[in-house]
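Here is a short briefing to read alongside the model in your viewer.

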Amino acid sequence: ASEVVDYLAEACLSVPLGETKRQALIDYLDNGRLFPASEEWDTRRNEINARLRAVFVLTICTPEYQVT
């Protein structure tokens, strides 16, 4: 999950995401369990896409994105 959050932050934000916000996004993406490995994405596509969309929306709702 940290790799996904870091990638979105790098791709979408022009200012760094604070560690507290970064960890909150990671925790949200993990949703109480580890984010599935990419090998599992085909079999769990709907669940994973929903979680990725939600984290993307949360990322672009941050003040760091608004500065961009």
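Contact here means heavy atoms within 4.5 Å. With that cut-off, the cover over the buried residues of α2 includes α1 (2–12) and α3 (45–60). Please keep in mind that this is a predicted model.

**Helix α2**

- Helix α2 takes in residues 19–30, which is 12 residues.
- From first C-alpha to last, α2 reaches 16 Å, close to the 16 Å expected at 1.5 Å a residue.
- The buried residues of α2 are L25, I26, L29 and D30.
- Viewed down the axis of α2, these buried residues fall within an arc of 135°, so they line one face of the helix.
- N31 follows α2, and its phi is positive, near 50°.

**Helix α1**

- The buried residues in α1 are V4, V5, L8, A9 and C12.
- Around the axis they cover an arc of only 130°, which puts them on the same side of α1.
- Turned away from that buried side is a face of α1 that carries the exposed residues E3, Y7, E10 and A11.
- Cover for the buried residues of α1 includes α2, α3 and α4.

**The nonpolar core**

- As background, nonpolar side chains in soluble globular proteins tend to be buried together.
- In this model the largest nonpolar core has 13 residues.
- Within this core, the residues with the most contacts are V5, L17, L29, F35 and V55.
- Two or more residues of this core come from each of the elements α1, α2 and α3.
- The most is given by α1, with 4 residues.

**L17 and its partners**

- Which residues does L17 contact, leaving aside neighbours within four places in sequence? They are V5, A9, R22, L25, T62 and E64.
- Among these partners, V5 is also one of the core residues with the most contacts, and L25 is one of the buried residues of α2.

**F35, in the loop between α2 and α3**

- F35 is found in the loop between α2 and α3.
- Is F35 buried or exposed? F35 counts as buried, because its relative accessibility is 12% and the buried class lies under 20%.
- F35 and Y65 lie 30 residues apart in sequence, and their C-alpha atoms are 24 Å apart in space.

- E39 is exposed, with a relative accessible area of 67%.
- A polar contact of 3.4 Å links the side chain of E39 to the side chain of S38.

- T62 sits in the loop between α3 and α4 (63–67).
- T62 is buried, with a relative accessible area of 9%.
- Setting aside residues up to four places away in sequence, T62 touches L13 and L17.
- E64 has its place in helix α4.
- E64 is buried, at a relative accessible area of 12%.
- The side chains of E64 and K21 are joined by a polar contact of 3.1 Å.
- Beyond four places in sequence, the contacts of E64 are L13, V15, P16, L17, G18 and K21.

**Cysteines**

- How many disulfides does the structure hold? The number is 0.
- C12 is in no disulfide, and the nearest cysteine sulfur, that of C61, is 11 Å away.
- A disulfide needs two cysteine sulfur atoms within 2.5 Å.
- C12 counts as buried at 15% relative accessibility.
- C61 is likewise in no disulfide, the nearest cysteine sulfur being that of C12.
- C61 is exposed, with a relative accessible area of 54%.

Terms used:
Residues are numbered from 1 along each chain as its sequence is written. This is a predicted model: local features need pLDDT of at least 70, side-chain atom pairs count only at pLDDT 80 or more; totals for chains, interfaces and linings use all residues. Side-chain values use heavy atoms; hydrogens and water are left out. The expected span of a helix is 1.5 Å times one less than its number of residues. Buried means under 20% relative accessible area, exposed over 50%, partly exposed in between (1.4 Å probe, protein chains only). The arc is that of the directions from the helix axis to the C-beta atoms. A nonpolar core is a set of buried Ala, Val, Leu, Ile, Met, Phe, Trp, Tyr and Cys residues joined through side-chain atoms within 4.5 Å. A polar contact is a pair of N or O atoms within 3.5 Å; within protein, one must be able to donate a hydrogen and the other to accept it, and residues adjacent in sequence count only if both atoms are side-chain atoms.
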